[in-house]
Amino acid sequence: MPGLAARRAAATAVATLLGPARGLALEDALAQSGRGLNLEPGDAALARAIATASFRRLGFLTAALAERLRDGLPQKTDLLALLVTGSAQILDLAVADHAAVDLAVRLAKADPQLTHLAPLVNAVLRRVVRERDAIRAGEDDPLARNTPDWLARRWVAAYGEEAARAIAAAHVEGAALDVTVRDDPDSSAESWAEKLGGRRLALGSLRLEGREAVAGLPGYDEGAWWVQDAAAALPVRLLAPQPGERVADLCAAPGGKTAQVAAAGAHVTAVDRSAVRLERLQRNLERLKLSAEVVTSDALDLPEDKPFDAVLLDAPCSATGTIRRHPDVAWTKSEADIVRLAGLQRRLLDKAARLTAPGGRLVYCTCSLEPEEGPAQIADFLARHDGFERVPLDVDRVGGHAELIDGNGDLRTLPSHLGGGSSRGGGLDGFFASLLRRRV
């Protein structure tokens, strides 16, 4: 049946992440569920869209389902995944209602553990179709109804209730498609904005309006630009690499920041422990006609005999700043992950300090909204390293957007910034970055 394999892959991936394998990323779960299905590119894209939509409104969807199930949400993750992915198609995707219902029922019938529940799947999803307007009308509080309680509490404590509500609203909207132009943005960004049908942000990135396949857009094959959220491009702009400088990019994959450093004319050493992710980085550099020394290694094991003029540490983190782009993060991470990752970040920061030459610059950044992974790390670092000082940012570094600079002079972007949460196509990934200088 057309579309059946895509829905099978999506439901299997969602079931995987709702079950014990919560630490897995959605892309990895989709790759696993698609093995053996021989998905065509269109089916793979549909599976990804269904799974992403399922997690983007998972709180809303499960609440709607619970209200329409006599005994509440099912304990069987396979059944729950079928109902969630079917509901996501009906409520949020441009697919035919009958296809969403019929193919979910077929998947249930094909599973020996669920075949007796196929009539239930049919009845519940048909009710979702009938009551679509009422369900959508109830999606009025993303913070309370579509955000895990532990994250909602954290964001209210860190940013206040109004900001936390705006963050949650931005997550429902999803992310815009931003690109970084390979050449000097001041000289070429406007022309590329016209060619790509987008607009130039004051931050320096281009924001595209359409949703075409990236590889088919003008300039892709020529390596004129690469996809990179506008917030993710800021740490390298803070680092300001200069031609001829030796720069270390630690935890470098997938490579957007490496490309920025290389495009600035610096000699960049890109370090990551994942050989697979570095292969992707290398392919991107080849398309962009840029070069870097690529090193497969744990950053903690790098030799320290030749310190760098500048070091960029994009540290592993909980990634809660990327939920509008990767909505599964909200439902697959926990507070225990934050505690574990904070210890790793501390060790990596100490290592980055030893790799920074006297007079050199160090930028620490994470795509996390959690204080332990941002300002608390820098406060602890400066208490341990009196040879370093913070370089407070001025508004020119962030395109005049003073709201992106926190009280310490560090970068703090929120998903609700730049119109996120109030208009589709706005917002930024949540990033923290601090610019540090090693005293001579």
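This is a predicted model: local features need pLDDT of at least 70, side-chain atom pairs count only at pLDDT 80 or more; totals for chains, interfaces and linings use all residues.

Student: Which residues lie nearest the centre of the largest cavity?

Tutor: The lining has 14 residues in total. By class, ten of these are nonpolar, three polar and one charged. Those nearest the centre are Arg56, Asn146, His171, Ile323 and Ala330.

Student: Which helix gives the most to the lining of the largest cavity?

Tutor: Three helices each supply at least two lining residues: H3 (41–56), H11 (161–173) and H16 (329–332). With three residues, the top contributor is H11.

Student: How much space lies in the largest cavity?

Tutor: The structure holds two cavities of 30 Å³ or more. For the largest of them, the space comes to about 100 Å³.

Student: On to the second largest cavity: which helix gives the most to its lining?

Tutor: Here H1 (4–18), H5 (77–92) and H6 (97–110) each bring at least two residues to the lining. Leu82, Thr85, Gly86 and Gln89 are among the lining residues, and they fall within the 77–92 range of H5. With four residues, the biggest share comes from H5.

Student: How many charged residues does the lining of the second largest cavity have?

Tutor: Its lining includes Arg7, Ala11, Ala100, Ala104 and Leu107. Five of the lining residues are nonpolar and three polar. Arg counts as charged, and the number of charged residues is one.

Student: And how much space lies in the second largest cavity?

Tutor: This cavity is one of the two of 30 Å³ or more. Its space is about 40 Å³.

Methods:
Residues are numbered from 1 along each chain as its sequence is written. Side-chain values use heavy atoms; hydrogens and water are left out. On a 1 Å grid over the protein atoms alone, a cavity is a set of points where a 1.4 Å probe fits but cannot get out, and a pocket is an open set with protein on both sides within 12 Å along at least five of seven lines; lining residues have an atom within 4 Å of a point. Grid points are joined across faces, edges and corners, and a volume is the space filled by probe spheres set on the points.
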